[in-house]
Protein chains: 2
Amino acid sequence: MGKPSGRKGSLLQSLRDRHVRITSQRKALIETIEEADGHLDAYTLLERARRRSPDVDLATVYRTLELLKKQGLIDELDLMHLHGEKHYYEARATRSHIHLACFRCGLIEEFVSPLYEKLTTEVATSRGFQVEVSRFEVGGICRRCSSSEGNEKSKGIHSV
Amino acid sequence: MGKPSGRKGSLLQSLRDRHVRITSQRKALIETIEEADGHLDAYTLLERARRRSPDVDLATVYRTLELLKKQGLIDELDLMHLHGEKHYYEARATRSHIHLACFRCGLIEEFVSPLYEKLTTEVATSRGFQVEVSRFEVGGICRRCSSSEGNEKSKGIHSV
DNA sequence: GTATTTGCAAAAGCTTTGCTGCAAC
DNA sequence: GTTGCAGCAAAGCTTTTGCAAATAC
């Protein structure tokens, strides 16, 4: 399943274009984000980034995420708080998409629709609102879980 | 500006219909939620509910919110984390609506559109996903802040 | 009378911050 | 050489949990 993500390596370039300082830690974190291709929480990002730069600290992870958010280069997701209150991050996609979170198995699906863009435009036009970020999340039961209704009890039975 | 909310007093009735125990604390909390008509965080809910029932505890607030969420009677919002990581709650509306959060002044607007329902239906149909909850939040700059661009510095200058 | 809910206090989870030394430009 | 970043450790804020006493039905 193809993800609606942007070209890899674009995050670093965007930072350079904006005259933001590129440190080795930021580089490691950004490369990790781009490699992951979506849905990383801060701690997972830390663990993976340490393969590239062993001394990265969690504080740096958060500070870098904050920076990237402010630059509009990544999006912050809640994924319906399926796994606690933490946040997830992904490189901003070329096309915005909805996240579907299955309460039963924990699967996260992505869904692209022209209606999404249309709706965002409608907000901007009719309310005079300059949209910088938007987030559409849906929670419920995925197709696979509905069809195996009642047979599966545990969470996480379908791979993410 | 009319809110797209349901009839007042319906939360308690819904609980009775579902044979959920009605305690005095739950009653106080529910009445407070309905009176507020939207966007209460847990601590504010506690403070207000204490006017009706002085001994309510924050733990009870969270437990009751959990109950109402599970029953699908309230919705949980993040409001783009405009004021920290806490959540906001509102009685589930008869029509689902988008929340627009202004990063500059903190104003939260609500926006109803047929496209929203259409999009949700599309998700259900094309992915076979049983939608239980959906949340569409938008962050950016509201009309008023765009027109007073650069003149206003502080947050919360426009009333919520 | 019995099962559930509550208050209290403590803990947990995620995120932010202060400070000093270090790295980028 | 300056300015801003990183690591470390500590604190912060929201939310959850264990347990004994109280409450609803």
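Biologist: Which element gives the most to the surface near DNA strand D?

Modeller: Helix α4(B) does, with 4 residues. Here a residue is near a strand if one of its heavy atoms lies within 4 Å of it. Helices (H or I, at least four residues) and strands (E, at least two) are DSSP runs, numbered from the N terminus.

Biologist: Before we go on, what kind of model is this?

Modeller: This is a predicted model, in which local features need pLDDT of at least 70 and side-chain atom pairs count only at pLDDT 80 or more, while totals for chains, interfaces and linings use all residues. Residues are numbered from 1 along each chain as its sequence is written, chains are lettered from A and ligands numbered from 1 in the order in which they are written, and side-chain values use heavy atoms, with hydrogens and water left out.

Biologist: Back to DNA strand D: how many residues surround it, and which are the closest?

Modeller: DNA strand D is surrounded by 19 residues, and the closest are A:Thr23, A:Gln25, A:Asp55, A:Thr60 and B:Tyr62. Of the atoms of DNA strand D that come within 4 Å of the protein, 71% belong to sugar and phosphate.

Biologist: What does A:Asp55 do there, in terms of atoms?

Modeller: One of its backbone N or O atoms lies 2.5 Å from a phosphate oxygen of DNA strand D. For A:Val56, a polar backbone atom is 3.4 Å from a phosphate oxygen of DNA strand D.

Biologist: And which residue lies 3.5 Å from a base oxygen of DNA strand D?

Modeller: A:Arg21, through a polar side-chain atom.

Biologist: Now DNA strand C. Which residues come nearest?

Modeller: A:Tyr62, B:Thr23, B:Gln25, B:Asp55 and B:Thr60, out of 19 residues around DNA strand C. Sugar and phosphate make up 69% of its atoms that come within 4 Å of the protein. A polar side-chain atom of B:Arg21 is 3.0 Å from a sugar or linking oxygen of DNA strand C, and an N or O atom in the side chain of A:Arg63 is 3.5 Å from a base oxygen.

Biologist: Which element has the largest share of that surface?

Modeller: α4(A), with 4 residues.

Biologist: Let us turn to the two protein chains. How many residues are in contact?

Modeller: 43 residues of chain B are in contact with 43 residues of chain A, contact meaning heavy atoms within 4.5 Å. The area buried between the chains is about 3,800 Å², with carbon and sulfur atoms giving 59%; buried area is the accessible area (1.4 Å probe) that two parts lose on being put together, summed over both. In chain B, the residues that lose the most area to chain A are B:Arg127, B:Phe129 and B:Arg135, together 19% of what that side buries.

Biologist: In what sense do the β6 strands pair?

Modeller: β6 of chain A (residues 130–141) and β6(B) pair in the antiparallel sense over 11 bridges; two strands pair if DSSP finds at least two bridges between them. Within this pairing, A:Phe136 stands opposite B:Phe136.

Key. Polar contact = N/O pair within 3.5 Å; in protein donor to acceptor, adjacent residues only side chain to side chain.
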